[in-house]
Amino acid sequence: MPIVAIPSLLRNLTNGKESITVPGATIREVIDNLESRYPGMKARLCENDRIKPGIAVYVNGLLTRGSILERVDADAEIHFLPAIGGGISETFH
Amino acid sequence: MARRSHVQTTLNGETVEFLCEPRQSLLEVLRDELHLTGAKEGCNNGNCGACSVILDGRLVNSCLVLGVETEGKSVETIEGVADPDKLHPIQDAFLENAALQCGICTPGFIMSAKALLDENPNPTEHEVRYWLAGNLCRCTGYDKIVRAVLDAAAAE
Amino acid sequence: MLENKEYKVIGTRPIRHDGVDKVTGRALYGADFQAAGLLHGRVLRSPHAHAHIISIDTSRAEALPGVKGVVTAKDLPNPGDKIADLGEGAVNLKHLCDNILASDKVLYKGHAVAAVAATNPHIAEEACTLIDVEYEVLPPVLEVRQAMESDAPILHDTIRTTSLGETGDEPSNVASHIQHKLGDPEKGFAEADVIIEREFVTGTVHQGYIEPHNATAHYNADGQLTIWCSTQGAFTVREQVAEILQYPISKIKVVPMEIGGGFGGKISVYIKPVAALLAKKTGKPVKVLMNRADVFEGTGPTPASYIRVKMGATKAGKLTAAQAYLAFEAGAYPGSPVGPGAMCIFAPYNIENVIIDGYDVVVNKPKTAPYRAPGAPNAAFGSETVVDEIAEKLGIDPLEIRLLNAAKEGDRRADGPVHPRIGCIETVEAAKAHPHYTAPNGKKHHGRGVASGYWFNIGLESSVTINVNSDGTINLIEGSTDIGGTRASIAMQAAEVLGIPAESVNPSVVDTNSVGYTAVTGGSRTTYATGYAAYEAAQDVKQQMIARAAKLWEVDAANVQFADGEFSSINGKEEQISFRDLCARLGETGGPIVGSGTVNPGGAGGAYATHVVDVVVDEETGKVDILRYTAVQDAGKAIHPSYVEGQIQGGAVQGIGWALNEEYIYNAEGEMTNASFLDYRMPTCLDLPMIDAVIVEVPNPGHPYGVRGVGEVPIVPPMAAIANAIYDAIGIRMTELPMSPDRLLKAMGKI
C-alpha cells in the first residue's frame, strides 16, 4: 500500500503520526482513504475536487502535475508539500 | 514635434543622409531612422556599453551622442565590422570561445574590442579588462569574452 | 564514478547555430521589431510606495498632438476574485491584473498606473507627465520583519496567512507559512557538542539582464492578437495574457524574438498586456519599451530576506540537527521564493533532525520574480556560513566537514523526498583536489573561503518537431527561447541520435502557433527537457528511416539496424546506406519524414556546486577584491562544455555581485535611490579574475544522456564562500548582504 508522508503542519490531524500507509491506486483514492481515517485531511488538501493551489504532490521523489487522477504504485511514497509559490510557480509552467 | 534637421554622415564607409529631431540620440537615429538595430539600448545613460559605436575612430556610447552631432563625421557600427563573406577575427574569436550567451551585449563588446585592438594590437589581460570595463555583460562572467579578445589580438 | 559513454557530438564544442547572427548585429531582439504604422507606448508609474488611487484624469494627455490612446486599469476586464490557473501555479487574478495596471491601490514606487500610445516615444513620454493622478499616500512597509509585526500597516485587506491548506482569520502581511520537519530536532541539538546560531540579512537584488522588457502587440480585424516580445517562455506569455485580458488562448499568438537575458525575470508579464490594450484601443501595432529605471522599479527583483540558522554537530564533525527560519519579502503581492529556499537550505547534507519554517511576506516593493535558483542563494548564505563556523570551532577542514556529512543517493531531503543519484560528494572532492585549494594562502588580509550549494532543477513540458531534408540535414523546430546557447545543446542531442554533425541541424525557435506546448526557459530545464524532446523526436525520425530502408531493401524493418550514421540490413542481404543518402531517397520510399517528441520528464536530477574563492580585503577602504575563483559543478553530462562553463562562470559572477555590491537602496519613503546601472553596481570585467569552471559529470539517470540542468546552482554558493573568505582574511563574520565597503568598515569598527 502507498505510504503518505504527513507534513508537519498536518500532523495535528494524525495525532502526530509522520507517515501513514493507506490503500489507493490514485491520489484521489489515497486522499479519500486518508480522510476516512483522519477527518479534515481532505479539506486541507483539496478544493472543488482538485489539489488546492499552494500544494504540490510528489510521488517517489518526483514532482507530479498535482492531479488527483495521478496513478500511484502499490509501494509509492507520497508527499504533500507546499508548492513553490507565486512568482516561482510561473517558472514551473 | 520639433523640426527635423538634415544630417550627412559616413556610415560604415558609405555616405548617408537622414532627417532627425535635435533631441534624438545617435542610438535612436541608427535604430529608428536607419533601421540598424545592432546597437542596443540597455540603459540609455552611458553605463552599459550595449550601444557602443566608433565615431571618427573613437569609441562612444551612441546613446550619449546626438544624431545631429554626426554631421560630416564617420560612424562605424557592428553592421560594418564583417566583410560580406568573412567575419572579422574578433567575431570569429567570440564564436570560437563561446564568448556570448544571450548576445545582447555582444555588438557593443565587439565594437569596444575593435576600438581597443585598432589602438593597441597586443593588449595584456589587464588592458583588455580595463578597456572593456564600460561594457556590461550579465551572462558570461566575462571570462570567455576576455579570452576571445586576447585570442583575436593574437590572430590579427 | 564517471560512466560516460563515448559520444560523437555530445561533449564537443561546435559553433552555436545562431552565432553569426549574434556577432554581426543581425539577430533581432524584442526592441528591434518594426512594423508599418507602429505606435510607441510608455507607462506612467507611481511615485509613491503605498497609496490609494483616488482618481486618474487622462484628458490632458489625450489632448496632446500625436497621442493615439491612453489606458488604465479600467480597460482591463474586472478580475473579481477569480483564481487564475497558470498550470502548477494558481494565482489570484486580481493580484496579477493589479500588477499590470494598478486599480485601487499602488503598492510600490514604480507600480504601473496608466499607459500612452503615441506616434513617437518622446510624445508618449511627455503625455505620461500630463496624466493627473490623485493619491492618498499611506505609510510604506519596507522590511520583512517590520511587515510581520502585528501593528504593521496592512497592504491587502484580503490576504490571510495560509498554512498548508489552512487559512488564518485576520488580514496579515504574512501570505503563507510553510514548514518542513524531519526527525527530532530537539534530540539532535541535545546530541551536539557544538551549536552555532546566527542571523542573516540579505538585500533586494535584480537579475540585471541587459535588455529591458519589451512588447509589440497588434490586433487584427478578426480579433487575432499577436505579441512580439522577448520572453523566457512564449507559452507562458500566452497563458498570462489570456488570463489578464480574459481572452481565448487560440486568439493569441506569441512570437518570441531573441532575448537579451532573463535569469528568471522574463517569465512574469508586465508590459505585454499593456501593449495589447493599447493596440486594441488604437487599432495599430504598439511597441512598449521599458527604460532601465522602469526595469529596476517596475519588474520583479529577487527578495530581501531575514534568516536565522542554527546547526549542531558532534566533536567528530557529524551534523546532528539543523533549524532554519526564513522570512522572505514577496514584494507587493504574494509569491516569494521562500519555498525553494526552504527546500534547498540544508540539501548538501544528510542531517537526520531538521526543522525549517518559511514565511512569504508582502512589503511595499515590486513583486518579486524568479532569479536564478530563486531563494536558494539567500538560504545558502546562512547555512553555508554556519557550517564554516562549525568547522572552524571543531578544527576540521571546511571541505572535510562537507564530505563527512555530504548528501548522497538514498538520503532523505529535509522536505521529505529521497535523493536520487546526485553528485554532491563528487563536487566537494573535486574542489578539495583542485590546485586552487591546495595553493598557499597566508598573506595578511588575504583569505580563502568555500561553500556548497544545491538546486533541485525541473523537468516540465517540451515539444520538438524534426523535418528531414533531402540533403541529409534536419530542421529542428522548438519552443524554448535560446538565452545561452540552447539551440546548440538541443540540436546536438538530436544530431547524436541520428549520427550527423551538429552543423547538419538547423534549429528554429518558433511562435506558439507553430510548435507543441513548451514550458519556460527556466528552472535549468531547457537542455534537459527540450533536449530530451529532441532526443525523442530524433528517435522517431530514426524509426521512420529504418522503415524506409526496409522498404528500399524489401526486408522487414526488424532486419534493419542503425549505427554510426549508417543503416544496414542484418539477417541475409548485405545492404548499407548512410543517413544522408537515405534522406535523398525519401520521395521514392514514401515521402517526407516528420519526427516529433514531447516530454514531461520527472527526473530532472538535482545539481550541486562547490566553490572556492580567494579575496583580499583593503583595510583602509573596506573594499573586497576577488583574487581567484574556482567553481566546481556536477553537470550530469555536459552536452556543449563551453556553454556549461559559461553558465557556471556567469552564475558565479552574479553571485559575486550579490555578495559584494548589489542591493536596492531605499529611502524612508520607499523610493529606490539607485535605479541605474551607475548606482546599482553590477560587476564589470575589471572587477574580476578568470573564473575557473570545473565540470564534474555524474550522469543523471533521468535523462538519456545523463544531463542535469546547469544554469542555476552556480549562483548558490558565492555569497557564503566570499563571506567565509572575508572571515579568513580579517577574522570577522559578515552576516549581511551585500558585503559592501561601508558594511565592512562598520564591521571592522572603522566607521
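User: Before we start, what makes a residue count as buried here?

Analyst: A residue is buried if 20 or more other C-beta atoms lie within 10 Å of its own. One thing to keep in mind is that this is a predicted model.

User: Okay. Which residues of H8(C) are buried, then?

Analyst: They are Lys272(C), Pro273(C), Val274(C), Ala275(C), Ala276(C), Leu277(C), Leu278(C), Ala279(C) and Thr282(C). Helix H8 of chain C covers residues 272-282, and since nine of its eleven residues are buried, the helix is largely enclosed by the rest of the structure.

User: What follows H8(C)?

Analyst: Gly283(C) does, and its phi is positive, near 70°.

User: Let's switch to the chains. Which pair has the most contacts?

Analyst: Chains B and C, out of the two pairs that touch. Chain B brings 45 residues to their contact and chain C brings 44.

User: Which elements of chain B give two or more residues to that side?

Analyst: Helices H2 (89-96), H3 (106-119), H4 (125-131) and H5 (143-155) of chain B. H5(B) gives the most, with four residues.

User: And how do the residues on chain B's side divide up?

Analyst: There are 24 nonpolar, 13 polar and eight charged.

User: What about chains A and B, how far apart are they?

Analyst: They don't touch, and their nearest C-alpha atoms are 19 Å apart.

User: How is chain B split into domains?

Analyst: The domain assignment gives domain 1 as 5-80 and domain 2 as 89-155. The C-alpha centres of these two domains of chain B lie 21 Å apart. Their contact takes 13 residues from domain 1 of chain B and twelve from domain 2 of chain B.

User: Which strand gives the most to the domain 1 side?

Analyst: Strand E3 of chain B, residues 52-55, with three residues. Taken as a whole, that side of domain 1 of chain B has eight nonpolar residues, four polar and one charged.

User: New topic: where does Pro23(A) lie?

Analyst: In the loop between strand E2 (19-21) and helix H1 (27-37) of chain A.

User: Is Pro23(A) buried or exposed?

Analyst: Exposed, because Pro23(A) has 11 C-beta neighbours inside 10 Å, and the cut-off for exposed is 12 or fewer. Beyond its neighbours within four places in sequence, Pro23(A) is in contact with Met1(A) and Asn33(A).

User: Last one. Where is confidence lowest and highest in chain A?

Analyst: Confidence is lowest in helix H3 of chain A, residues 86-91, at a mean of 39, and highest in H1(A), at 95. Over residues 85-93 of chain A, pLDDT stays under 50. For chain A as a whole, the mean pLDDT is 85, and 89% of its residues reach 70 or more.

Methods: Residues are numbered from 1 along each chain as its sequence is written. Chains are lettered from A and ligands numbered from 1 in the order in which they are written. This is a predicted model: local features need pLDDT of at least 70, side-chain atom pairs count only at pLDDT 80 or more; totals for chains, interfaces and linings use all residues. Domain bounds come from an automatic or database domain assignment. Two residues are in contact if their C-beta atoms, placed from the backbone, lie within 7 Å. Ala, Val, Leu, Ile, Met, Phe, Trp, Tyr, Cys and Pro count as nonpolar, Asp, Glu, Lys and Arg as charged, and the others, Gly among them, as polar. pLDDT is the predictor's confidence in each residue, from 0 to 100.
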